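This report describes selected features of a structural model. Please view the sequence and the coordinates alongside the text.

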Amino acid sequence: MDLNDPAAVRPQVALFVTCTVDSVAPKVGTATVRLLEAAGVEVVVPAAQTCCGQPAANSGAPEAAAVLARHFVEVFEPYETIVSPSGSCVAMVRHWYPRLLSGSWRTRAEAVAERTHELTAYLVDVAGRADLGAVIDGGPLTVHDSCHGLRVLGLGHAARELLGAAGAKIVEMDDPEACCGFGGTFALKHTAVSTAMADAKLRDSAATGAACMVGGDAGCLVHLEGRQRRCGIGPAVRHIAEVLAEALP
Amino acid sequence: MTLAARAPAALADEHLQQALGRITDRYRLVRARARETPDTDDRKHRAGALRREILADLDGWIDRVTSSLERVGAVVHRCATAADAAETVVAIARAEGSRLAVKSKSMATEEIHLNAALEAIGVEVIEGDLGEYIVQIAGERPSHIITPAIHKTLGQVADLFSPLAGHTLPVEREALCAFARDHLRTKFLNADLGITGANFVAADTGTIVLVTNEGNGRMATTVPRVQVSVVPIDKIVPRLADLGAILPLLTEHATNQSITAYLSMTTGPRRAGEIDGPEVLHVVLLDGHRRDLVGTPYEEMLACIRCGACLNACPVYAKVGGHAYDSVYPGPMGSVLTPLLSGGTEGRDLPFASSLCGACTEICPVGIPLADLLVRLRADLRTPGPVVPARVGRTPPGRAGPQAGPGPVSSPGTRPPAAGFPWPGADAALSRQPWYRSLGWSIWARVWSRPRLYRATLALGRLVTRRRSGWCRRLPGSGGWTATRDLPSLAQPGFRRLWTDREHRR
Ligand code: SF4
């Protein structure tokens with residue numbers, strides 16, 4: 001190793017891209033990589049990663065979720081820091097893994113959970129890099145606080161700090177914290193209620209006059225955009241990683 | 001019929017949707033207040049610890065509250081089931097020759113379906129709370145535990161009251177209240193049986209505490225000759241003084257009030273020289289599957305102070321209203337309680353009727369992890385019959401273990417939070433589920449924990465969802481998704497390919 005090479009001493013981050021981003025929103029993944037690199041870290045993507053197991057846990061199958069939890073722990077244990085562009089999946093790791101597993105698996109899960117961060121929280125609170133040099137000069141943005149990131153991880157401030165540092169004008173919705181109605185299998189089983197919640201969110205975002213609604217969880221965004229394609233209400237729906245990465249110099 | 005099946009009608013009901021707007025407004029006020037008050041977390045923690053103090057020795061506290069109540073002259077009836085409790089009250093009404101009963105607002109009496117039981121023996125029952133009265137006239141059940149008629153608009157209330165008044169009442173709050181007040185006052189003054197629930201019962205003094213805004217609690221506990229209070233065992237607080245920490249949180253979260261309009265405390269029946277109060281006081285202590293919860297993650301629910309804040313916070317409740325739950329207790333707390341208190345016979349779909357957004361957990365003034373409990377219930381409800389979660393940590397009451405008794409009072413706050421209950425998942429010894437219960441998910445987990453098989457399923461998904469636009473308008477087997485939303489095609493290439501290509505280019 002060449003110790004004079006600045007790359008050699010860059011902190012390393014393992015990216016947990018999540019199954020949703022991997023399968024339906026891969027550009028959110030590449031945008032996440034660009035942001036992390038702009039923050040001066042080296043990104044690795046462990047090849048054996050799959051899904052955090054949340055769909056099974058929330059569907060009443062904790063044993064199945066535990067299989068995925070153990071897999072996650074095995075895959076990410078070797079890494080110092082783990083970052084993911086999804087508040088919901090990180091909440092699964094941090095909140096549920098230690099409850100889901102027992103014995104030595106729990107100890108290992110707790111250690112991994114402590115080192116697992118949501119993207120915006122990592123950039124702002126861990127790396128201390130709210131200002132990545134990105135410049136957002138389009139119309140005003142509005143921020144949707146995805147529930148698990150907000151209430152389990154205590155996020156909310158981080159997205160706004162990143163966008164603010166990039167010079168974005170933020171216009172808040174009546175209640176940016178209101179749930180969008182996704183909720184995983186809830187969106188499938190309770191279609192009518194889930195859709196009514198999406199419509200309320202889309203109407204709220206439209207009322208702000210923002211050019212774009214920014215969120216931090218691909219699941220919520222796919223649900224909102226999928227609904228928007230039917231009802232035509234509201235501004236463009238984007239993941240914060242994409243919005244910021246596009247604005248990098 | 002499930003909540004999912006009842007929801008479309010609720011969503012299409014314009015009156016209901018208009019009425020429900022008030023719920024969300026109240027939630028935002030309560031939330032803002034909680035956030036602006038600097039010591040909210042400390043106060044919640046303190047109140048929550050006081051409420052959980054009884055859990056370490058629930059049977060002991062039931063004994064203590066029983067002897068205190070008897071010491072001050074109340075007749076105590078311990079009832080194991082809702083049916084027992086209703087029969088007990090019916091027997092009292094019969095023995096006392098009751099003809100007209102007035103009630104103060106009580107969810108416990110809803111739980112034991114008391115009105116129907118009393119009416120069956122010819123007792124006229126009048127609800128003394130305005131909201132409950134509206135619901136009673138409409139022949140409905142409360143749609144909210146604090147504001148029972150929140151689903152009704154003013155116009156609907158006028159339509160309900162006008163036939164009773166004999167003329168058309170104006171759609172005005174004051175006029176409608178004035179009518180109800182006159183009408184109810186007459187009933188109150190003639191009632192021979194007062195029926196109440198209890199917000200709390202203090203174990204040290206044997207005091208039954210009622211919190212109301214309209215004084216119906218005071219009416220029901222002062223005028224009638226006989227009073228029956230139906231008190232679920234989770235209403236026990238160790239000391240009357242504990243209410244100093246609990247009551248402000250209740251009123252702030254229930255109605256955004258710093259203090260309630262009426263606080264009625266009944267300590268035994270009327271004593272010599274007193275000018276009001278019942279001559280006879282019966283207290284029905286109701287278990288109703290509550291003791292079963294001790295030692296399980298669901299014991300947290302016994303800390304609930306029935307403030308209703310989680311209903312107001314819930315985006316599902318705010319869209320469909322309480323009746324869509326078809327249960328005594330609606331909203332998040334009702335979705336947890338209904339399957340538990342019914343012994344697994346009711347509301348089995350309710351824990352699934354949540355997006356798990358966690359607004360309920362955040363707002364709850366006593367720190368009940370409602371969203372977590374909903375997740376756990378989804379697993380425990382796989383087994384048919386009563387919900388019997390694995391017990392961890394504490395000996396359930398009435399089973400083996402050190403005999404409960406008036407021992408030393410445990411200090412509050414020494415228990416680990418319920419969220420610390422392990423979840424029988426990985427540990428086969430804790431899991432009560434046979435292997436085939438979640439066969440689909442088990443197979444899914446086996447497949448998705450193998451990276452190559454995971455990628456193979458994504459490749460298959462790409463084939464199935466391939467559309468030129470990148471979105472599927474229809475996809476058979478996607479549940480209800482494509483009924484109202486487009487579903488994205490699985491991306492080609494996926495992130496993994498993008499990443500490995502990039503690594504190769506380097
Ligand atoms: S669960 Fe909490 S928020 Fe809901 S009614 Fe009970 S105390 Fe209030």
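This is a predicted model: local features need pLDDT of at least 70, side-chain atom pairs count only at pLDDT 80 or more; totals for chains, interfaces and linings use all residues.

## Helix α2 of chain A

Residues are numbered from 1 along each chain as its sequence is written, chains are lettered from A and ligands numbered from 1 in the order in which they are written, and side-chain values use heavy atoms, with hydrogens and water left out.

Among the buried residues of α2(A) are V28(A), V33(A), L35(A) and L36(A). Here buried means under 20% relative accessible area, exposed over 50%, and partly exposed in between (1.4 Å probe, protein chains only). Just after α2(A), G40(A) has a positive phi of about 90 degrees.

## Helix α10 of chain B

In α10(B) (residues 173-190), the buried residues are L176(B), F179(B), A180(B), L184(B) and F188(B). They lie on the same side of α10(B) because they cover an arc of only 160 degrees around the axis, taken from the directions from the helix axis to the C-beta atoms. The face turned away from this buried side carries the exposed residues E174(B), D182(B), L189(B) and N190(B).

The buried residues of α10(B) pack against β2 (100-103), β3 (124-127), α8 (130-138), α9 (154-165) and α11 (216-222) of chain B.

## Interface of chains A and B

The contact (heavy atoms within 4.5 Å) takes 75 residues from chain B and 71 residues from chain A. Across the interface, 10 salt bridges are found, each a side-chain nitrogen of Lys or Arg within 4 Å of a carboxyl oxygen of Asp or Glu. R28(B) and D175(A) meet in a salt bridge at 3.4 Å, N to O.

## Backbone exceptions

Most residues other than glycine have a negative phi, and most peptide bonds are trans. T18(A), which is not a glycine, has a positive phi of about 80 degrees; T18(A) is buried, with a relative accessible area of 2%. The peptide bond from Q492(B) to P493(B) is cis, with omega near 0 degrees.

How values were computed. Helices (H or I, at least four residues) and strands (E, at least two) are DSSP runs, numbered from the N terminus.
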